[in-house]
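Subject: Handing over the model

Hi there,

Here is the structure I promised to pass on to you. Please open it first, and then read my notes below alongside it.

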2 protein chains.
Amino acid sequence: MLTERQKKILWAIVDEYIISAEPVGSRTVSKKKGVGFSAATVRNEMADLEEMGFLEQPHTSAGRIPSEKGYRFYVDHLLHSYVPKEEDHDVFLLDQAEKLEQEMQRISARLSQLTNYMTMIASPKLVEGHLKHLSIVPITEQIAVSVIVSDKGQVEQHQIVIPEMISSSMIEELVNLLNYRAIGIPLSQLRKQALRQINDDLHHLLYPKPLISTMLEQLFMFEQPEQLFLSGTTRMLEQPEFRDVDKVRSLLDLVEANEQVLQLLEPIEPMFTGVQVRIGSEIAVEGVEGCSVITASFELENDPVGTIGVLGPTRMDYGKVISLIEGFTKSLSNRN
Amino acid sequence: MLTERQKKILWAIVDEYIISAEPVGSRTVSKKKGVGFSAATVRNEMADLEEMGFLEQPHTSAGRIPSEKGYRFYVDHLLHSYVPKEEDHDVFLLDQAEKLEQEMQRISARLSQLTNYMTMIASPKLVEGHLKHLSIVPITEQIAVSVIVSDKGQVEQHQIVIPEMISSSMIEELVNLLNYRAIGIPLSQLRKQALRQINDDLHHLLYPKPLISTMLEQLFMFEQPEQLFLSGTTRMLEQPEFRDVDKVRSLLDLVEANEQVLQLLEPIEPMFTGVQVRIGSEIAVEGVEGCSVITASFELENDPVGTIGVLGPTRMDYGKVISLIEGFTKSLSNRN
DNA sequence: TTTTAGCACTCATGACAAACGAGTGCTAAT
DNA sequence: ATTAGCACTCGTTTGTCATGAGTGCTAAAA
């Protein structure tokens with residue numbers, strides 16, 4: 001394990017590098033507040049730390065930069081000394097009146113603005129609610145719009161094709177039946193259950209069953225899995241590690257592919273809702289070399305429903321981001 | 001006006017520059033297929049063309065590049081010789097079953113993939129439709145969800161607060177009344193007209209008018225103006241003019257601000273639905289210096305409802321993009 | 001034995017000069 | 001009116017050199 005002095009030096013290097021983004025030399029460390037040793041001593045220790053894999057040297061006559069292992073150690077063992085400043089508590093204040101969607105949009109923007117990194121929020125899957133109301137509105141002869149409202153107030157809409165043999169009065173009857181029979185069924189099971197129930201009820205109706213079935217199939221296809229809010233993509237460009245257009249490109253490619261962003265937010269340990277930090281190659285997604293993600297899940301009415309994530313260069317301000325994410329998730333979870 | 005030879009030379013220069021992205025010299029033009037003159041002749045003409053403002057010279061010992069005026073002339077007078085190849089007609093094929101949204105998403109992706117530029121599609125403003133159907137679904141005591149369907153099949157949803165004195169049966173009655181009275185009214189005028197009509201009808205009902213009014217206000221606040229589909233932002237980075245991170249940044253800033261993108265799609269002549277080309281400073285939006293936009297509107301059931309746009313460097317392949325956009329808008333407009 | 005001062009050495013970076021070459025404008029010949 | 005020829009311009013590339021931040025090692029100091 002590391003000696004107390006090595007810890008202090010490692011901390012100093014990471015801390016300095018996070019600020020300056022340039023290799024730190026022994027001289028700089030020696031002069032840093034809290035470090036009392038001379039440059040020469042620091043040099044010796046740095047050589048050792050490099051041998052142990054905590055530091056790297058871009059070239060012989062340059063200072064040292066933290067390796068991934070170094071960052072990991074910093075986050076795990078040296079960060080607690082960073083007292084999360086609770087002072088600006090009003091930053092986390094929410095406007096309860098706003099829709100959840102807008103809320104998340106705002107938080108995402110705020111967070112990226114405060115950190116200067118990229119922010120992602122994945123919202124609840126609708127499929128978790130229960131059926132509250134259903135309408136079908138015919139638009140043309142063949143096309144209608146279905147609207148499904150869940151008990152959480154979320155609205156799902158589909159465009160559906162009306163089979164030729166089905167008249168609008170039939171549809172009306174079907175809707176009435178569903179609104180009578182299927183209320184309260186979890187959306188995720190709607191497809192199966194509604195089909196069964198309708199099948200039973202239709203015995204005394206004369207409509208062609210297979211046509212009704214295909215309509216129901218269309219009605220209850222919930223494919224839209226998760227909503228995503230992104231902010232601050234361009235802020236990343238201010239980070240010196242993205243001075244290179246090619247790196248920018250791979251990052252933006254990521255942003256355009258929603259699945260990959262969702263993958264970033266997928267927690268390592270599914271049931272653990274606290275703050276999780278993934279550094280560099282610990283991220284199992286391509287195109288984010290040299291980056292770190294910090295994520296945390298929030299809950300609504302005691303169900304874990306979404307995840308907040310911040311993506312930045314490995315040289316990111318872990319302390320600040322962690323305390324901010326903590327604040328926002330708590331604030332969201334406590335929302336009435 | 002330009003002589004036939006000057007036109008040919010101007011055409012050659014623009015055409016070549018579009019491919020190579022590098023200043024074109026007299027030698028290159030002279031060797032180009034279709035040009036029979038010697039380099040020296042070309043040089044003379046190029047000097048003239050520069051004097052007239054169609055060409056520019058980065059520095060004395062470099063070739064020429066087209067000025068904005070040059071591009072404008074190219075687009076207006078030299079492009080028709082580019083026979084739009086109708087061959088790959090199946091590119092424009094649509095999957096009629098898909099939702100309009102998905103359709104546009106796909107077209108946008110396709111278009112940017114074919115051109116390697118950025119593609120934008122603005123979907124119809126809902127406010128342009130007419131009321132087809134309205135429901136209000138109570139979620140809790142105080143909160144309800146309103147769903148408005150337009151005659152174009154678009155769905156608008158709001159969360160609204162129920163005033164204390166209003167019971168659910170009152171709401172039901174109100175909805176019935178509206179569905180009876182207000183069908184067919186343009187959404188944009190709904191707020192005024194519905195309020196007036198309801199006022200009349202309410203004479204024989206006993207509900208507290210101001211409360212009803214505030215509810216209606218909430219119902220008919222259409223703030224979400226236009227939906228946007230973007231693709232190929234990252235493809236722009238492959239263009240040599242975006243090798244510079246700062247240019248990328250200003251472009252991405254634009255992308256994050258939706259209003260500005262919408263402004264890009266706003267046609268110059270509102271009623272003209274054909275293909276429109278804006279070159280360089282003709283674009284009245286900041287942050288797109290050195291870019292051109294090509295736009296065209298498509299209609300649905302003879303109402304102009306949306307716009308397709310392609311944003312690229314001024315040095316973009318106008319011919320290709322124009323014929324592609326033409327194809328896609330036609331294809332969309334013919335969608336049953 | 002541990003820490004520190006001193007010093008020679010490394011190597012990326014920036015400045016400057018020379019060589020290069022793509023392209024031009026002009027003139028004279030066709 | 002067109003074109004071949006040639007001197008000239010100027011951005012780019014290449015090479016060399018000086019600079020300085022930072023290191024590793026050794027020997028002195030604590």
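Which residues are the closest to DNA strand D? They are G25(A), S26(A), T41(B), T60(B) and S61(B), out of 19 residues that surround DNA strand D. Here, a residue is near a molecule or strand if its C-beta atom, placed from the backbone, lies within 6 Å of it.

Before the rest, a word on conventions. This is a predicted model, in which local features need pLDDT of at least 70 and side-chain atom pairs count only at pLDDT 80 or more, while totals for chains, interfaces and linings use all residues. Residues are numbered from 1 along each chain as its sequence is written, and chains are lettered from A and ligands numbered from 1 in the order in which they are written.

**The DNA strands**

For DNA strand D, at least two residues of the nearby surface come from each of α2 (26-31) and α3 of chain A and α3 of chain B. Helices (H or I, at least four residues) and strands (E, at least two) are DSSP runs, numbered from the N terminus. The largest share, 4 residues, is supplied by α3(A). Sorted by class, the surface near DNA strand D has 6 nonpolar, 10 polar and 3 charged residues. In this sorting, Ala, Val, Leu, Ile, Met, Phe, Trp, Tyr, Cys and Pro count as nonpolar, Asp, Glu, Lys and Arg as charged, and the others, Gly among them, as polar.

DNA strand C is surrounded by 19 residues, and the closest are T60(A), S61(A), G25(B), S26(B) and S61(B). Two or more residues of the surface near DNA strand C come from each of α3 (39-51) of chain A and α2 (26-31) and α3 (39-51) of chain B. With 4 residues, α3(B) gives the most to the surface near DNA strand C. The classes there are 6 nonpolar, 10 polar and 3 charged residues.

In chain A, the axes of helix α1 (residues 4-20) and α3(A) come within 10 Å and cross at roughly 90 degrees. α1(A) and α3(A) are therefore roughly perpendicular to each other. Axes are lines fitted to C-alpha atoms, for helices over the stretch in contact, and angles run from 0 to 180 degrees between N-to-C directions. As for the angle words, under 35 degrees counts as roughly parallel, over 145 as roughly antiparallel, 65 to 115 as roughly perpendicular and the rest as oblique.

In chain B, helix α1 (residues 4-20) and α3(B) pack at an angle of about 90 degrees, with their axes 10 Å apart. On the α1(B) side, R5(B), Q6(B), I9(B) and L10(B) meet V42(B), E45(B), M46(B), D48(B) and L49(B) of α3(B). By class, this contact of α1(B) with α3(B) has 5 nonpolar, 1 polar and 3 charged residues. Two residues are in contact if their C-beta atoms, placed from the backbone, lie within 7 Å.

**The sheets**

Chain A has an open sheet of 3 strands in the order β4-β5-β6, with antiparallel pairing. β4 (131-138) and β6 (155-161) of chain A are at the edges with a single partner strand each, so one side of each is left without a neighbour in the sheet. From one strand to the next, the twist averages 20 degrees. β4(A) pairs with β5 (residues 143-150) of chain A over 7 bridges; two strands pair if DSSP finds at least two bridges between them. P138(A) has A144(A) in β5(A) as its bridge partner. Helix α8 (residues 209-219) of chain A packs on the sheet and touches β5 and β6 of chain A, its direction making about 145 degrees with that of β6(A).

In chain B, 3 strands also form an open antiparallel sheet, in the order β4-β5-β6. β5(B) and β6(B) pair over 7 bridges in the antiparallel sense, and V155(B) in β6(B) is the bridge partner of V149(B).

**Chain against chain, and domains**

How many residues of chain B are in contact with chain A? There are 26, and they touch 26 residues of chain A. On the chain B side, β4 (131-138), β5 (143-150), β6 (155-161) and α9 (245-256) give two or more residues each. α9(B) gives the most, with 6 residues. This side of chain B has 12 nonpolar, 7 polar and 7 charged residues.

Lastly, chain A is assigned domain 1 (4-81), domain 2 (89-125 + 226-333) and domain 3 (130-219), with bounds from an automatic or database domain assignment. The C-alpha centres of domain 2 and domain 3 of chain A lie 38 Å apart.

Best wishes
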